[in-house]
Amino acid sequence: MREFYINGNEAGQRFDKYLKKLLSAAPNGFLYKMLRKKNIVLNGKRADGTEKLCAGDQVKLFLSDETFETFSGAGAAQSGFAGLRDLKPAFPLTVIYEDADVIVIDKPAGMLSQKAAPSDLSANEYILHTLIARGELTEQMFRTFRPSVCNRLDRNTSGLLIAGKTLRGLQETAAALKDRSIQKYYRCLVKGEVKECSRIDGWLFKDARTNRVTVLPEAAEHAVRIETEYGPVRTGNGYSELEVHLITGRSHQIRAHLASIGHPILGDFKYGDPVLNRKLKQALQVDSQMLHAYRMVFSDGREFTAPCGEEFERVWRYLVALM
């Protein structure tokens, strides 16, 4: 018999979803059969799996050790946990803000937000490693809840990335991002001198085969509406630094939207000016777009900022010195 008590990160979810994490290798039919036969009980009573779990709830599994080990995926969980625990980060995590529920980091350009392939090392793994090293994420917790990033940045976009450390943090932040009560602002370096603030909208169509988006002037099948605000921070010599308010958050929105109005982001090899980008790469070894998630404003008044960094300044100095 195995006995577990629901903690704060596990509370709030359906019982069957918890069991599918705890016994990740078990077929659904097996889980519901064990519930019907009372081989799995909640607070000493029969359960059907639809119950909403609360902190302190007791779960008992009347299963043999062999059955539990087979279906719990314990070996994979242990291996995954050990791999994260023993991770050797290439550089320390830059934490901008942290409380009991969330952590906000400054992601460097060149790093994925989340894995795209099993072998990838992303910001999410760096965050998990940090929490494990501090003792805030144990192997037992790791089996049924894993902290995760809530927003995504392109690999070559730097800046503010927020992750939920707890289920509450994950759910509340995801909801706030979805209903746009978290305002997101970016800084970017673009071709062309922008003299005034503007708001633009359109329709964005994504080709999943090429991972490339197209901005359309009107509605079309499979296209989604996008809205972007921007204003100048500084201009000079035919270039501008902009602050962009991302009203809707779609894939590649800022990059494609600004390019569509003649202000491509420097260093953007997918939507930018190829001649200018090659020049920047040759002169300054710029190999990522000059786009940075600069500021987040929460509905409760909290505001977090990540400085754009030396590369922005280095590129800007080069641009204004040209001629």
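Where is the place of S299? S299 sits in the loop between β13 (291–297) and β14 (303–305). Hold on to that residue. I will come back to it.

First, what we are looking at. This is a predicted model, where local features need pLDDT of at least 70 and side-chain atom pairs count only at pLDDT 80 or more, while totals for chains, interfaces and linings use all residues. Residues are numbered from 1 along each chain as its sequence is written, and side-chain values use heavy atoms, with hydrogens and water left out.

Now the overview. The protein has 10 helices and 14 strands. Both come from DSSP runs: helices are H or I with at least four residues, strands are E with at least two, and numbering starts at the N terminus. The C-alpha trace spans about 80 × 45 × 40 Å along its principal axes. Of the 323 residues, 48% count as buried. Buried means under 20% relative accessible area, exposed means over 50%, and partly exposed lies in between, using a 1.4 Å probe and protein chains only. What about contacts? A contact means heavy atoms within 4.5 Å. Among contacts between residues at least 6 apart in sequence, 65% join residues at least 24 apart.

Back to S299. Is S299 buried or exposed? S299 is exposed, because its relative accessible area is 67%. One distance for you: the C-alpha atoms of S299 and R14 are 29 Å apart, and 285 residues separate the two along the chain.

Next, a sheet. Strands of a sheet pair through backbone hydrogen bonds, either parallel or antiparallel. Here, two strands count as paired if DSSP finds at least two bridges between them. Our sheet is open, has 3 strands in the order β1-β3-β2, and pairs antiparallel. Its edge strands are β1 (2–5) and β2 (40–42), each pairing on one side only. From one strand to the next, the twist averages 15 degrees.

Look at the pairs. β1 and β3 (residues 58–61) run antiparallel, joined by 4 bridges. R2 stands opposite L61 in β3. E3 faces K60 in β3.

β4 (residues 95–98) and β5 (residues 102–107) are antiparallel and share 3 bridges. A hairpin of 3 residues joins β4 to β5. The bridge partner of E98 is I103 in β5.

On to helices. For their axes we use lines fitted to C-alpha atoms, over the stretch in contact, and angles run from 0 to 180 degrees between N-to-C directions. Helix α1 (residues 15–22) packs on helix α2 (residues 28–36) at about 120 degrees, with axes 11 Å apart. α1 and α2 are therefore oblique to each other. How do we name angles? Under 35 degrees is roughly parallel, over 145 is roughly antiparallel, 65 to 115 is roughly perpendicular, and the rest is oblique.

Which way does α1 cross α2? The crossing is right-handed. Right-handed means the near helix is turned clockwise from the far one by less than a right angle, and left-handed means anticlockwise. In this contact, F15, D16, L19 and K20 of α1 meet N28, L31, Y32 and L35 of α2. By class, that gives 5 nonpolar, 1 polar and 2 charged residues. Nonpolar covers Ala, Val, Leu, Ile, Met, Phe, Trp, Tyr, Cys and Pro; charged covers Asp, Glu, Lys and Arg; the others, Gly among them, are polar.

The axes of α9 (residues 274–284) and α10 (residues 310–321) come within 12 Å and cross at roughly 110 degrees. That makes α9 roughly perpendicular to α10. This crossing of α9 and α10 is right-handed. K279, L280, A283 and L284 of α9 touch R314, V315, Y318 and L319 of α10. The contact has 6 nonpolar, no polar and 2 charged residues.

Last stop: helix α8 (residues 253–260). How many of its 8 residues are buried? The count is 6, and α8 is mostly covered. The buried ones are Q253, I254, R255, A256, H257 and L258. They pack against β8 (183–191), β9 (198–207), β10 (212–216), β11 (224–236), β12 (239–246) and β13. Just after α8, G262 takes a positive phi of about 90 degrees.

That is the tour.
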